[in-house]
Amino acid sequence: LKGGEFKDPDLILSLPLNLSTCVGLIEENVDVIKQEVGDADHEMTIKALESIQKRYNNNSPMMKAPLQWFKSDPFLPYLVAYGDDNPDKELVYAVGVDPVRKRVTVAFRGSVTPSDFLTDATISLERQPNPVKDLSVDQSDKIGIHKGFFNYLLKPRKEYGGESKCAEIFQHVIKLFEDEDRKKNYKLYVTGHSLGGALSTLFGFYAASSARMEGTIPLPISVVSVASPRVGDAAFQEAFYHLEHQGCLRHLRVANKGDPVTIMPESSGIKVFALMSPITYAALKFSDSKFEEKETYRHTGIKLLLSKKDQAEGDGTEQQQQENGDIQQYRISYSCKKYIKEEVNSKKKTTGFNILKSFSKKDIPEVVNHFGDTYYNNLTSVKDSLSEVTLNDLYLSHASSVFSK
């Protein structure tokens with residue numbers, strides 16, 4: 001490492017790795033870690049761990065026990081698996097267990113390496129069989145998935161006997177839910193930022209598709225994506241909707257207004273090329289009248305759009321006054337507009353931010369709106385307003401009554 005030798009490296013490689021050991025390792029190696037990742041990322045990591053620690057302190061029965069019991073507390077969150085064998089060329093993930101909130105969580109790393117960014121930029125659509133075609137005869141036989149994300153998560157790997165990363169992670173999850181108590185009382189959550197958000201959306205979709213048939217994982221599976229780009233086409237969006245409507249899958253998609261990544265990609269590589277070539281466009285349109293629709297990306301899930309007053313003034317968002325006088329705003333909508341509840345659709349506009357609607361400076365996307373610390377600050381500022389709202393509440397009011405309170 002740049003900052004010197006990492007103390008007690010064997011501890012970080014020993015699984016399961018609990019919260020207490022993790023915090024201790026960070027405190028012991030603070031200078032080395034700061035040098036490696038930078039002050040901002042280090043500070044954000046500490047804030048996240050402090051938040052987990054606070055939640056644990058408030059809920060764990062062991063906090064009333066003597067201090068020496070802390071490190072062996074069975075209620076401590078812990079890491080059970082991670083995949084970073086080839087972090088410069090493959091996705092990185094971790095699987096953890098939270099005994100307090102009774103969750104198994106799969107987390108995906110966002111874009112860090114050149115390979116990650118190349119994956120983001122591979123915007124052609126990979127056509128794959130629709131795994132939930134049986135849920136509705138009106139669905140397409142195939143769904144379109146962002147080719148870069150497909151390759152990272154779902155493409156068979158020759159060196160692993162044809163096993164994909166998705167299958168590798170799924171085996172870790174299935175093993176955890178072989179425990180009867182966990183299968184009865186726990187739920188699976190999937191999360192990630194940016195590229196990680198896209199991968200979490202895709203993994204959640206396929207995990208729910210498999211679990212509804214095989215019963216290996218309790219449903220619903222919940223995806224919480226942050227700053228995610230679009231993942232698939234309209235057929236993928238509709239398949240995703242049917243899993244939601246069956247009570248198999250929930251998705252909270254958190255986006256900052258003005259985050260350029262969350263409004264991309266709009267179209268596949270074929271459509272982008274066709275729009276630059278009138279002859280190509282005419283030929284494709286002639287061969288398939290629905291060509292444009294099939295080559296257009298769509299988002300999924302319940303969208304939580306975060307914005308400040310100067311970004312969203314007058315657009316119908318909820319507001320929360322902060323101590324410093326600023327107003328942090330948010331808006332909630334459902335991505336699959338074909339199935340938005342009629343009473344909700346008639347009351348308020350549910351479309352998201354569109355850069356083409358305005359050329360004013362406040363509406364121009366900025367990269368800073370994609371950073372993790374910006375999301376952390378924006379989410380923190382609306383925490384009180386949303387603390388009593390559950391994801392089931394949002395589905396009941398915006399999308400589907402299948403999820404009960």
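Biologist: How much of the protein counts as buried?

Modeller: This is a predicted model. Of its 405 residues, 47% count as buried.

Biologist: And how many helices and strands are there?

Modeller: The secondary structure comes to 18 helices and 14 strands.

Biologist: What about contacts, what share of them join residues at least 24 apart?

Modeller: Take the contacts between residues at least 6 apart in sequence: 69% of those join residues at least 24 apart.

Biologist: Let's do helix packing. What describes two packed helices?

Modeller: Two packed helices are described by the angle between their axes and the distance between those axes.

Biologist: OK, so what are the values for helix 9 and helix 10?

Modeller: Helix 9 covers residues 195-214 and helix 10 covers residues 234-245. Their axes come within 11 Å and cross at roughly 50 degrees. An angle between 35 and 65 degrees falls in the oblique class, and helix 9 and helix 10 are therefore oblique to each other.

Biologist: Is that crossing left-handed or right-handed?

Modeller: The crossing of helix 9 and helix 10 is left-handed.

Biologist: Which residues meet there?

Modeller: From helix 9, Thr 201, Leu 202, Phe 205, Ala 208, Ser 209 and Arg 212 take part. Helix 10 meets them with Phe 236, Ala 239, Phe 240 and Leu 243. By class, the residues in this contact of helix 9 with helix 10 are seven nonpolar, two polar and one charged.

Biologist: And helix 7, at what angle does it pack with helix 9?

Modeller: Helix 7, residues 165-176, packs with helix 9 at an angle of about 60 degrees, with the axes 11 Å apart. Helix 7 and helix 9 are therefore oblique to each other. Helix 7 passes helix 9 in a right-handed crossing.

Biologist: New topic. Where is Ser 268?

Modeller: Ser 268 is in the loop between strand 10 (249-256) and helix 11 (269-276).

Biologist: What does its side chain make a polar contact with?

Modeller: The side chain of Ser 268 makes a polar contact with the side chain of Glu 295, at 2.4 Å. Apart from neighbours within four places in sequence, Ser 268 is in contact with Ile 123, Ser 124, Leu 125, Glu 295 and Tyr 297.

Biologist: Now the backbone. Which residues does a cis peptide bond join?

Modeller: Pro 16 lies in the loop between helix 1 (9-13) and strand 1 (17-18). Another joins Leu 219 and Pro 220, with omega about 5 degrees. Pro 220 lies in the loop between helix 9 and strand 8 (221-226).

Biologist: And which residues other than glycine have a positive phi?

Modeller: Asp 8 has a phi of about 55 degrees, and Ala 227 has a phi near 60 degrees. Asp 8 is in the segment before helix 1, while Ala 227 is in the loop between strand 8 and strand 9 (232-233).

Biologist: Are those two buried or partly exposed?

Modeller: Asp 8 is partly exposed, with a relative accessible area of 38%. Ala 227 is buried, at 0%.

Biologist: Back to the helices. What is at the start of helix 2?

Modeller: There, a side-chain oxygen of Asn 18 reaches to within 3.1 Å of the backbone nitrogen of Ser 20. In helix 2, which is residues 19-28, Leu 19, Ser 20, Leu 25 and Ile 26 are buried.

Biologist: Last one: where is Val 368?

Modeller: Val 368 is in the loop between helix 15 (342-347) and helix 16 (372-381). Val 368 is partly exposed, with a relative accessible area of 43%. The C-alpha atoms of Val 368 and Pro 260 are separated by 9.4 Å, and the two residues are 108 residues apart along the chain.

Note on methods: Residues numbered from 1 in each chain as written. Predicted model: local features only at pLDDT ≥ 70, side-chain atom pairs only at ≥ 80, totals over all residues. Heavy atoms only, no water. Helix = DSSP H or I, 4+ residues; strand = E, 2+ residues; numbered from the N terminus. Polar contact = N/O pair within 3.5 Å; in protein donor to acceptor, adjacent residues only side chain to side chain. Contact = heavy atoms within 4.5 Å. Axes fitted to C-alpha atoms, helices over the stretch in contact; angles between N-to-C directions. Parallel < 35°, antiparallel > 145°, perpendicular 65-115°, else oblique. Left-handed = near helix turned anticlockwise from the far one by under 90°. Nonpolar A, V, L, I, M, F, W, Y, C, P; charged D, E, K, R; others polar. Buried < 20%, exposed > 50% of the residue type's maximum accessible area, 1.4 Å probe, protein only.
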